Amino acid sequence: MTAPPPEPTVRTVDLHKTYSSPRGDVPAVQGLDLAVAPGEFFGLLGPNGAGKSTTIGMLTTLVVPTSGRAEVCGFDVAAHPVEVKRRIGVASQNNTLDNDLTGAENLEFRGRYFGLNAKDARRRADELLDMFGMGDRRDGKPFELSGGQARRLMICRALMHRPEVLFLDEPTAGLDPQTRVNLWEVLRDLQQQGQTILLTTHYMEEAEALCDRVAVVDHGKLLASGTVADLKAEAGADTVITVGYDGPVPEGVAALRERAGVERVEVTDGQVRVFARAPEGVLGELVAVGSAAGVGVTDASQLRPSLETVFLTLTGREYRE
Amino acid sequence: MTATDSTTDAAAPAPAAPPVPIGRPTLARTFLAMMAREVRVMRKNFLSTFLRVVIQPVLFVFVFAYVLPKISTGGASFAQQGSGPTFATILVPGLIASSIVMQGMMAVIFPLMMELSWQRSITDRALAPVPVPLLAVQKIVAAALQALIGGLLVFPAVLLIHAEGQAPSIHVGNWPLLVLMMVCGSLLSAAGGLLLGTLMDPQKMQVLFALVLLPMTMLGCVYYPWAAMDGVRWLQIVVLANPMVYVSEGLRAALTPQIEHMPFWAYGSVLVLGTLLLGWWATRTFTKRVLT
């Protein structure tokens, strides 16, 4: 893994967040170290409940860290929240549009909160609405918008004051595939214009499609980070073959460990998982071993190297979206 | 204002020029922009918001200062013993006070119910470049403004609606006192609303009306002066816990000084110190709700 440039736009050091609840403390983020370089499209990838939104919350000053440090544009989020807020744009996972205002007014007032005068704010709002193809929704109320339109409007709103960093928390969750791909294009354009973007997602393919670098998190901990290519290489670039049997896993599968190109064989109840660099024939062999032992195959899958196999390799668990 | 970002370009190795924030936010500018947002929303909802505020006091004076005196001596006889004050005279400060308090509390609680519920639309303004406690202050000031407007709108109605011979007798001897009472009463109610709204579970707001707002009005010295309660001494003491009593009595002192009312040191200190205390407390609870 190559070290990021010396002055990261976003940096966290041993960042922790524990929520206290009546039933005890719930650790959400446990010692996260991240660094996002200027101009980078950085993805925070992990299943639901991995601590991604809490991390974004801390970086955007709305969640107070329990310990550790988080800096955005050189300012500590806990000590200088106002300085941080001036420099960031945030599109949260929830629809937080102001329903008392029209679409254009949502943008106008966001601009004015950030020190633009009314005229400049309106002009910038028009510019962004046109850029995002939302010109015809100018005077509509936010609750009349479709899911995709609301996300676009929230991204427009986040961009009103030309933030140095754009935070996007699950920008495409719940959107249909076409809308998602359209939004990806918009985000790629933004990055090409020099926008630093930190995005969280639980969609593997979204991280693969958009991000320069990815940090994989689960249970509030960093599992790995690097470019998608690095991660695949580091985690072994394995193809993962999983086979489920209708009986006990036959002993014969252990022999696959000796097979050339097989890195690892994991046996859980009723299921065997083989991590292989040379996957050819492995699936067939697993079926054959089964029938020799008199057990049938109930399901089988073969995943080519991807972030999903990286996740499997790192955690030994299926990726739960 | 367009960005003049040429000076900072050199520092960034990014492929394209990284954005440099435009606009020059100061705390005052952001605060005023937030107030401008409230005024825009208020303008849009003016009719529905203030119709709601005005209708209750209008009906009240209509029934008690017009209909009842016409049909019998029932309701009106309470206040009018011999050459005593008309009931309208008692009602004018009381109804203005109740309008201020109701509007001040609802103006902050209703939006807060939405903003703190699961979508947390409060995030929109919590991300504005001001400290979160200042956002709380802004919410109090905005709701107080609505309370003040609510109070002013009730004035003409309660002054003009009455039966013949039942006209309220209003003398403003001390204008600064009236202004202080209106402003302080508005701020106190807004701060109290923010405190309740941030302490209560948004799902249980219905309870608020039954258990808090209604008793506050009925026992807020709206329909009778505090001094007149000395026949029910225990109640006279219990209602001292109700902030609306002080707003009513303060306005009574300012509008109908001839009616027996609390001394200034009593209502004045509760209104001023209470506003500061509730404001400080609400700012804290609000900040706790917004920052997790």
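The contact between the two chains takes 38 residues from chain B and 37 residues from chain A. Two residues count as in contact if their C-beta atoms, placed from the backbone, lie within 7 Å. On the side of chain B that touches chain A, the elements giving two or more residues are α2 (27–44) and α6 (123–126) of chain B. Helices (H or I, at least four residues) and strands (E, at least two) are DSSP runs, numbered from the N terminus. The most comes from α2(B), with 8 residues. By type, this side of chain B divides into 25 nonpolar, 7 polar and 6 charged residues. Here Ala, Val, Leu, Ile, Met, Phe, Trp, Tyr, Cys and Pro count as nonpolar, Asp, Glu, Lys and Arg as charged, and the others, Gly among them, as polar.

This is a predicted model, in which local features need pLDDT of at least 70 and side-chain atom pairs count only at pLDDT 80 or more, while totals for chains, interfaces and linings use all residues. Residues are numbered from 1 along each chain as its sequence is written, and chains are lettered from A and ligands numbered from 1 in the order in which they are written. The model scores ipTM 0.82 and pTM 0.83. The predictor's confidence in each residue is given by pLDDT, from 0 to 100. Chain B has a mean pLDDT of 83, and 89% of its residues reach 70 or more. Among the elements of chain B, helix α8 (residues 175–199) has the highest mean pLDDT (93) and helix α1 (residues 6–9) the lowest (40). The pLDDT is below 50 over residues 1–15 of chain B. Beyond near neighbours in sequence, this stretch has 22 contacts in the model. Where pLDDT is low, the predicted coordinates should not be read in detail.

Chain B holds 12 helices and 0 strands. Of its 292 residues, 46% count as buried. A residue is buried if 20 or more other C-beta atoms lie within 10 Å of its own, exposed if 12 or fewer, and partly exposed in between; C-beta atoms are placed from the backbone. Among contacts in chain B between residues at least 6 apart in sequence, 80% join residues at least 24 apart.

Chain A has 10 helices and 14 strands. Its C-alpha trace spans about 80 × 45 × 40 Å along its principal axes. Of the 321 residues in chain A, 49% are buried. For chain A, 66% of the contacts between residues at least 6 apart in sequence join residues at least 24 apart. Helix α1 (residues 52–59) of chain A has 8 of its 8 residues buried, so it is largely enclosed by the rest of the structure. Among them are A:Lys52, A:Gly57 and A:Leu59. Just after α1(A), A:Thr61 takes a positive phi of about 75 degrees.

An open sheet of 4 strands in chain A has the order β12-β13-β11-β14, with antiparallel pairing. Two strands pair if DSSP finds at least two bridges between them. The edge strands, β12 (262–268) and β14 (297–303) of chain A, each pair on one side only. Neighbouring strands of this sheet are turned by 10 degrees against each other on average, direction ignored. Strands β11 (residues 239–245) and β13 (residues 271–276) of chain A run antiparallel and are joined by 6 bridges. In β13(A), A:Ala276 is the bridge partner of A:Thr239.

Two helices lie across strands of this group. Helix α9 (residues 282–292) of chain A lies across β11, β12, β13 and β14 of chain A, at about 20 degrees to β11(A). Helix α10 (residues 307–315) of chain A lies across β11, β13 and β14 of chain A, at about 70 degrees to β11(A). Axes are lines fitted to C-alpha atoms, for helices over the stretch in contact, and angles run from 0 to 180 degrees between N-to-C directions.
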